[in-house]
Amino acid sequence: MALTDKTPYKSYTPDDTGLINWTCDENHVWHDLITRQQQSIIGKAYQGYLDGLDTLALPTKCVPQLPALDTILQQATGWQTAAVPALISFGKFFDLLANQRFPVATFIRTREDFDYIQEPDIFHEIVGHLPLLTHPEFANFTHIYGKLGQKADKAARVFLARLYWFTMEFGLINTQDGLRIYGGGILSSPAETDYAVSGQPEYRPFVLNDVLRTPYRIDKIQPIYYVIDNPEQLFCLDEHTLMNAVNQAMEQGLFAPHPSLIDPV
């Protein structure tokens with residue numbers, strides 16, 4: 001999800017057929033990232049996400065090409081990808097989701113940023129988010145969210161961003177097998193995958209008003225995770241419910257930030 005328009009990375013422009021000519025080094029980075037990720041999520045990822053990974057059947061030896069993923073997504077839920085620079089505006093982000101297109105940055109991190117990268121690279125977008133977009137209900141939730149954000153004003157979008165952050169980016173779910181991860185921001189980071197279910201963070205029950213009022217930072221590991229008990233807590237959120245909650249949260253203001261999010265003076 002984009003927050004600024006500045007990044008040290010340069011994105012590729014796909015050719016007329018939507019393909020990108022990735023370098024050997026970039027394909028090797030993809031291979032090392034995804035093979036490590038496959039090990040890190042064992043016993044930690046939500047089953048719906050794992051089912052989506054199986055549906056996508058991602059290659060391990062090279063960076064996937066977006067047209068091939070589009071074919072799978074369109075057959076599953078009617079979605080497709082949209083090649084974008086590393087970071088896009090909230091407005092562009094919501095417009096794409098409202099039109100069932102998921103933004104995918106066309107660059108991959110270097111080995112210097114192997115463990116953590118602030119910018120959403122192609123590994124984060126594909127491995128973190130596309131699996132749940134093969135799931136009809138999660139895809140529909142993302143579509144509704146996009147349409148709502150598309151109509152919202154600038155102030156409301158900032159609050160709506162927190163809903164996406166604490167669910168589709170950094171969401172956890174209680175299951176019969178224990179705490180599991182469905183947020184793409186966690187599942188594309190082996191370090192945060194281990195940390196998120198370690199018992200070290202603060203786990204809070206999913207209360208919509210609380211989620212909308214909780215500050216976060218993109219450059220620090222998350223000190224707080226919101227946990228849903230079942231996906232229906234998200235799927236039942238309609239436009240009326242969400243906008244009423246956003247308006248109430250805007251009136252009440254934000255909670256104080258977690259101490260770990262405050263830089264020392």
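**Notebook: helices, a sheet and some single residues**

**Entry 1: helix α5**

I began with the cover over helix α5. Its buried residues are covered by elements that include α1 (24-40), α2 (47-56), α3, β2 (101-105), α7 (154-169) and α8 (184-187). The model is predicted: local features need pLDDT of at least 70, side-chain atom pairs count only at pLDDT 80 or more, and totals for chains, interfaces and linings use all residues. Residues are numbered from 1 along each chain as its sequence is written, and side-chain values use heavy atoms, with hydrogens and water left out.

Helices (H or I, at least four residues) and strands (E, at least two) are DSSP runs, numbered from the N terminus. Buried means under 20% relative accessible area, exposed over 50%, and partly exposed in between (1.4 Å probe, protein chains only). Contact means heavy atoms within 4.5 Å.

How many residues of α5 are buried? Eight of its eight residues are, so I wrote down that α5 (residues 122-129) is mostly covered. They are I122, F123, H124, E125, I126, V127, G128 and H129.

**Entry 2: α1 against α5**

Next I checked how α1 and α5 cross. Their axes come within 11 Å and cross at roughly 30°. Axes are lines fitted to C-alpha atoms, for helices over the stretch in contact, and angles run from 0 to 180 degrees between N-to-C directions. The crossing of α1 and α5 is right-handed.

Which residues make the contact? From α1 I listed W30, L33, I34 and Q37. From α5 I listed I122, F123, I126 and V127. By class, I found seven nonpolar residues, one polar and no charged ones. Ala, Val, Leu, Ile, Met, Phe, Trp, Tyr, Cys and Pro count as nonpolar, Asp, Glu, Lys and Arg as charged, and the others, Gly among them, as polar.

**Entry 3: the sheet and β6**

I then traced the open sheet. Four strands form it, in the order β4-β3-β6-β5, with mixed pairing. β4 (178-181) and β5 stand at the edges with a single partner strand each, so one side of each has no neighbour in the sheet. From one strand to the next, the twist averages 40°. Two strands pair if DSSP finds at least two bridges between them.

I stopped at β6 (residues 224-228). Five of its five residues are buried, so the rest of the structure largely encloses this strand. Which residues of β6 point one way, and which the other? I224, Y226 and I228 point one way, and Y225 and V227 the other way.

Strand β3 (residues 172-175) pairs with β6 in the parallel sense over two bridges. There, L172 stands opposite V227. Strand β5 (residues 202-205) also runs parallel to β6, joined by four bridges. E202 stands opposite I224.

In helix α4 (residues 90-98), the buried residues are G91, F93, F94, L96, L97 and A98. Their cover includes β1, β2, α6 (136-151) and α7.

Just after α4, I came to Q100, with a positive phi of about 55°. Most residues other than glycine have a negative phi. Q100 lies in the loop between α4 and β2. Q100 is partly exposed, with a relative accessible area of 25%.

A57 has a positive phi as well, near 50°. A57 sits in the loop between α2 and α3. Is A57 buried or exposed? A57 is exposed, with a relative accessible area of 58%.

**Entry 4: T77**

T77 is in the loop between α3 (66-76) and β1 (80-84). T77 is buried, with a relative accessible area of 17%. Its side chain reaches the backbone oxygen of L133 at 2.7 Å. Leaving out residues up to four places away in sequence, T77 touches Q100, L133, T134, H135, P136 and A139.

**Entry 5: R162**

My last stop was R162, in helix α7. R162 is buried, with a relative accessible area of 9%. The C-alpha atoms of R162 and D210 are separated by 9.9 Å, and the two residues are 48 residues apart along the chain. What does R162 touch, not counting residues up to four places away in sequence? I listed V211, L212, R213, T214, P215, Y216 and L254.

Technical notes:
A polar contact is a pair of N or O atoms within 3.5 Å; within protein, one must be able to donate a hydrogen and the other to accept it, and residues adjacent in sequence count only if both atoms are side-chain atoms. A crossing is left-handed if the near helix is turned anticlockwise from the far one by less than a right angle, and right-handed if clockwise.
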